Amino acid sequence: MTLIFAHRGYSALYPENTMLAFKEAEKAGAEGIELDVQLSKDGEVVVIHDETVDRTTNGKGYVKDLTYAELKRLNAGFRMKMNLKKEPIPSLREVLKWLTGNSLICNIELKNSIFPYQGMEEKVIELIREYRLTERIIISSFNHYSIVNCYRRAPEIETAPLMGQVVYMPWIYAESIRAKGIHPKYKTLKDEVVKKSEESGVAVRPYTVNKEKDMVHFIKLGCSGLITDDPVRALRVRKQI
Ligand code: G3P
Ligand code: CA
């Protein structure tokens, strides 16, 4: 079965990468969530997509230049056209703690391609181990050196390189870096690649699949997972197939 991962939580309806969006994804029945992490000035792993807080919060500046306390004062929900109470930027610790009370799979994307964030992999791995979630986490990144580093440090945690453009024979590439899956941009993904990868035991989870016809296509092709902003639509589509 193709598992449905809510991209940045249920971000089609709720403010991305907030506890509200994650909780709504779970309520909707998604099997997994995807989230992005950056490091604060004082080294806390925080859940936010961009390197700056400008787009998604009422603040300004780089995440790496703000302390965790400063980040916590911001509202990550103010842009949504709903009357929401303040939605703070969650720490990864808060999300992992919440995950111990449910059975969701969590895809943590390390946002370490623009800033290398010294020690990010170690901190993320330590937290995953602390909450005993190694079997329910998939670490992904566009930085494939980081994916290799994570595997070396924690071979028990699944990894999946992100691919803005699918590489040549990605199922062989994935095996060579000991990744159990690949997360390709759906527009660059050929049917043959899905079939060959899945046959080789490499899970394919394309991102970000929001249109019904694309959902039908990748579910029918046999992708292990699908990353979408709209888990409700994807679950309905999957049910109808
Ligand atoms: O998980 C895939 C997807 O999240 C990667 O792109 O920019 O949405 O983080 P982006
Ligand atoms: Ca992401």
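Three side chains hold the calcium ion (ligand 2): the protein donors are Glu34 (OE), Asp36 (OD) and Glu109 (OE), and they lie 2.1 to 2.2 Å from the ion. Keep in mind that this is a predicted model. Along the sequence, the donor residues follow the spacing E-x1-D-x72-E. Glu34 belongs to strand S2 (residues 32-39) and Glu109 to strand S4 (residues 105-110), so this pair ties together parts that are 75 residues apart in sequence.

Are Glu34 and Glu109 buried or exposed? Glu34 has 3% relative accessibility, so Glu34 counts as buried. Glu109 has 4%, and Glu109 also counts as buried. The cut-off for buried is under 20% relative accessible area.

Now turn to ligand 1. A polar side-chain atom of Glu34 lies 2.8 Å from an oxygen atom of ligand 1. For Glu109, a polar side-chain atom lies 2.9 Å from an oxygen atom of this ligand. For Asp36, an N or O atom of the side chain is 3.3 Å from an oxygen atom of ligand 1. How much of ligand 1 does the protein cover? On its own, ligand 1 has 290 Å² of accessible area, and the protein covers 89% of it.

Which residues stand around ligand 1? They are His7, Arg8, Glu34, Asp36, His49, Glu109, Lys111, Phe142, Leu162, Tyr207 and Ile227. Sorted by class, this shell has 5 charged, 4 nonpolar and 2 polar residues.

Take His7 from that shell. His7 sits in strand S1 (residues 3-7). With 10% relative accessibility, His7 counts as buried. The side chain of His7 makes a polar contact with the side chain of Asp229, at 2.7 Å. Leaving aside residues up to four places away in sequence, His7 touches Glu34, Thr208, Ile227, Thr228 and Asp229. One of these, Glu34, is also a donor of the calcium ion.

Thr208 lies in the loop between strand S8 (203-204) and helix H8 (212-221). The peptide bond that leads from Tyr207 to Thr208 is cis, with omega near -25°. Tyr207 is one of the residues around ligand 1.

Go back to strand S1 and look at Leu3, which is found there too. Leu3 has 24% relative accessibility, so Leu3 counts as partly exposed. Not counting residues up to four places away in sequence, Leu3 touches Glu31, Ile105, Ser224, Gly225, Leu226 and Arg238. Leu3 and Val204 are 201 residues apart along the chain, yet 11 Å separates their C-alpha atoms.

Helix H1 (residues 19-28) comes next. Which of its residues are buried? They are Met19, Leu20, Ala21, Phe22, Glu24 and Ala25. An α-helix has 3.6 residues a turn, so residues three or four places apart point the same way. The cover over the buried residues of H1 includes S1, S2, strand S3 (45-47) and helix H3 (92-99). Just after H1, Gly29 takes a positive phi of about 105°.

Positive phi values also turn up in residues other than glycine. Arg132 has a phi near 50°. Arg132 is placed in the loop between helix H4 (120-130) and strand S5 (137-141). At 74% relative accessibility, Arg132 counts as exposed. Met169 is not a glycine either, and its positive phi is about 45°. Met169 is placed in the loop between strand S6 (158-163) and helix H6 (170-176). With a relative accessible area of 30%, Met169 is partly exposed.

The last stop is Thr188. Where is Thr188 found? Thr188 is in the loop between strand S7 (181-184) and helix H7 (191-199). At 18% relative accessibility, Thr188 counts as buried, because buried means under 20%. The side chain of Thr188 reaches the backbone oxygen of Lys185 at 3.0 Å. Thr188 also touches Gly164, Gln165 and Val166, with residues up to four places away in sequence left out.

Conventions: Residues are numbered from 1 along each chain as its sequence is written. Chains are lettered from A and ligands numbered from 1 in the order in which they are written. This is a predicted model: local features need pLDDT of at least 70, side-chain atom pairs count only at pLDDT 80 or more; totals for chains, interfaces and linings use all residues. Side-chain values use heavy atoms; hydrogens and water are left out. A residue is near a molecule or strand if one of its heavy atoms lies within 4 Å of it. A polar contact is a pair of N or O atoms within 3.5 Å; within protein, one must be able to donate a hydrogen and the other to accept it, and residues adjacent in sequence count only if both atoms are side-chain atoms. Accessible areas come from the Shrake-Rupley method with a 1.4 Å probe; for residues, only the protein chains shown count as cover. Ala, Val, Leu, Ile, Met, Phe, Trp, Tyr, Cys and Pro count as nonpolar, Asp, Glu, Lys and Arg as charged, and the others, Gly among them, as polar. Donors are N, O and S atoms within 2.8 Å of the metal (3.2 Å for Na, K and Ca); water is not among the atoms, so sites may look incomplete. Helices (H or I, at least four residues) and strands (E, at least two) are DSSP runs, numbered from the N terminus. Buried means under 20% relative accessible area, exposed over 50%, partly exposed in between (1.4 Å probe, protein chains only). Contact means heavy atoms within 4.5 Å.
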